[in-house]
Every structure is written in C-alpha cells, then in structure tokens.
Amino acid sequence: MKLQGKVAFITGGTSGIGLETAKLFRNEGAKVIVTGTHAARLEEAAKVLGETATVLSADLRDPAQIERAIREVGATHGHIDIVFANAGAGTAAPLEAVTLEQINEQFSLNFNGLFFTIQKAAPLLGKGSAIVVTTSFLNEVGTPGLSILSATKAAVRSLVRSIGAELAPRGIRVNAVSPGPIATPFHSKLGLSESQLTETGAAIQATVPLKRFGEAREIATAALFLASDDSSFVTGTEMVVDGGLTQF
C-alpha cells in the first residue's frame, strides 16, 4: 500500500473529492483525519470511513478552529505526513452583482483557510511529507460569473510555488491538483437554480474535449500520486485533471 502508516489530514473531506480521496488514502494504509462543517455530512463521513478514521468539525474561515483541529491531530498522532488542503466554495455572480461580502467569504475559505491550514500543520510535518492543494481549471480560463472564485484559485496556485520554495529545504513537497468540471455536490453550492445548473453543466460539458464531466475518484488518484513517494521528486507543480479543457 502506498500510504502505509502515514497520517493524512484532509480538509473538506466529508463530501465529493475530499471524501473520495479520504477513502482512497484509507484503503492505501493511511490514518485519515477529515474536517468539515455540515453536521449531517460529518456524520455520514464517519460512517463511510469507519472507526479507523477521525472526523472533526472545523470551520476553516476561523484560524483558531484550524489550529484546534491540528493540535488534536498532533496530540493523537504526534505528526502529520500528508496535508490535502481541499476545502473550498464559490458563489456565481456577474461583475455588477459581486459584493464585498461575497469576496470576503470566498477568500476567507478558499485562500485564508488553505493558507492557515498549511501554516498550522507545518510544524508537524517532517522530511518526506507532502502537501497537496486543490486548485481549479478556473485559474487558467476566464469564466463569466466566476471571477472571484477563479481569483481565489489563481492565488492558491501561486502559494504552491512560494510555499513550496519555502518548505523545500525541509524536504517537504508542495503540489496542486487542478480539477476540471467534476460531478460533485460543489456545483450545487454556486447559488444557481436547477435550470441554471443544468444549462451551465451542458455548456461546460460541450467544451471538454473528452465530452464528459470527471469523477471524484479521478481527482483522488491524482492526489494519491502527489501525496505518495511515487512523486518524491515532484514539487511546486500543478497536476491538471480536466479532460483536456485547458490544454486544447
């Protein structure tokens, strides 16, 4: 197993890509700790992942809650080998409708939450550890109505390079996995109606060279590669898993 005995801390791990990755990491031998905020999803994740995994409630918009969760991991395991900083959310709005509240909300979770997750976890990481973050195809293409979400993902891509350079002397690798359109509950959180979601989904799918949405497991396997020793000489990069959307 690729992650035998490793301790993996996964944010946004109670649904979609995060939960699928948590299951894969667990099956590959890791001791998995996942965070989330939604009570029902926390409960369901605990059932799905079983007694060997730990499910923690933590709102990543609050650095104190991040610190508390990581302190709990440190008290139990003593160290962390893998951080998968995956939690994120977005609100769709055209230029004229974007508000300061929407900007603060999205940056608070997608950027601040991710940054402080890495910052608070860093003291528990040792040589050979891996940090994987979730970016998005949105940091490569312009998409009407998603300007703020796209900006947060572009900022995260930049962090991979700068924090990767900072942690490289300690033997800690930092990489990103960049999903294209993926069939997960994320799209339902954009604030669109069902008809808008259907219309937007069909339009996006038509632009993907492989003519389909990706599956969460396809992102999980990419995250596994970046988290495992299979990628031991890879750092500062972004693995694009988007069906060719940003490449052709």
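## Briefing: a parallel sheet and its helices

F9 stands opposite I33 in strand 2. The model is predicted.

**Strand pairs**

- Strand 1 and strand 2 run parallel and are joined by 4 bridges.
- Strand 2 is largely enclosed by the rest of the structure, because 5 of its 6 residues are buried.
- Buried here means under 20% relative accessible area.
- Strand 5 (residues 125-134) and strand 6 (residues 173-179) also run parallel, with 5 bridges between them.
- In this pair, T134 stands opposite V177 of strand 6.

**Helices lying across the sheet**

**Helix 1 with helix 2**

- Helix 1 spans residues 16-27 and helix 2 spans residues 39-49.
- They pack at an angle of about 25°, and their axes are 11 Å apart.
- Angles under 35 degrees count as roughly parallel.
- Helix 1 and helix 2 are therefore roughly parallel to each other.
- The crossing of helix 1 past helix 2 is right-handed.
- On the helix 1 side, the contact is made by L19, A22, K23 and R26.
- On the helix 2 side, A45, V48 and L49 meet them.
- By class, this contact of helix 1 with helix 2 has 5 nonpolar residues, 2 charged residues and no polar ones.

**Helix 3 with helix 4**

- Helix 4 takes in residues 100-121.
- Helix 3 packs on helix 4 at an angle of about 35°, with axes 9 Å apart.
- Helix 3 passes helix 4 in a right-handed crossing.
- Helix 3 brings P63, I66, E67 and I70 to the contact.
- Helix 4 meets these with G113, F116, T117, K120 and A121.
- The contact of helix 3 with helix 4 divides into 5 nonpolar, 2 polar and 2 charged residues.

**Two loop residues**

- K211 sits in the loop between helix 6 (194-207) and helix 7 (216-227).
- K211 is not a glycine, yet its phi is positive, at about 60°.
- The relative accessibility of K211 is 51%, so K211 counts as exposed.
- The cut-off for exposed is over 50%.
- S228 belongs to the loop between helix 7 and strand 7.
- S228 is buried, with a relative accessible area of 2%.
- Leaving aside neighbours within four places in sequence, S228 is in contact with K2, L3 and R173.

Key. Residues are numbered from 1 along each chain as its sequence is written. This is a predicted model: local features need pLDDT of at least 70, side-chain atom pairs count only at pLDDT 80 or more; totals for chains, interfaces and linings use all residues. Side-chain values use heavy atoms; hydrogens and water are left out. Two strands pair if DSSP finds at least two bridges between them. Axes are lines fitted to C-alpha atoms, for helices over the stretch in contact, and angles run from 0 to 180 degrees between N-to-C directions. Angles under 35 degrees count as roughly parallel, over 145 as roughly antiparallel, 65 to 115 as roughly perpendicular and the rest as oblique. A crossing is left-handed if the near helix is turned anticlockwise from the far one by less than a right angle, and right-handed if clockwise. Contact means heavy atoms within 4.5 Å. Ala, Val, Leu, Ile, Met, Phe, Trp, Tyr, Cys and Pro count as nonpolar, Asp, Glu, Lys and Arg as charged, and the others, Gly among them, as polar. Buried means under 20% relative accessible area, exposed over 50%, partly exposed in between (1.4 Å probe, protein chains only).
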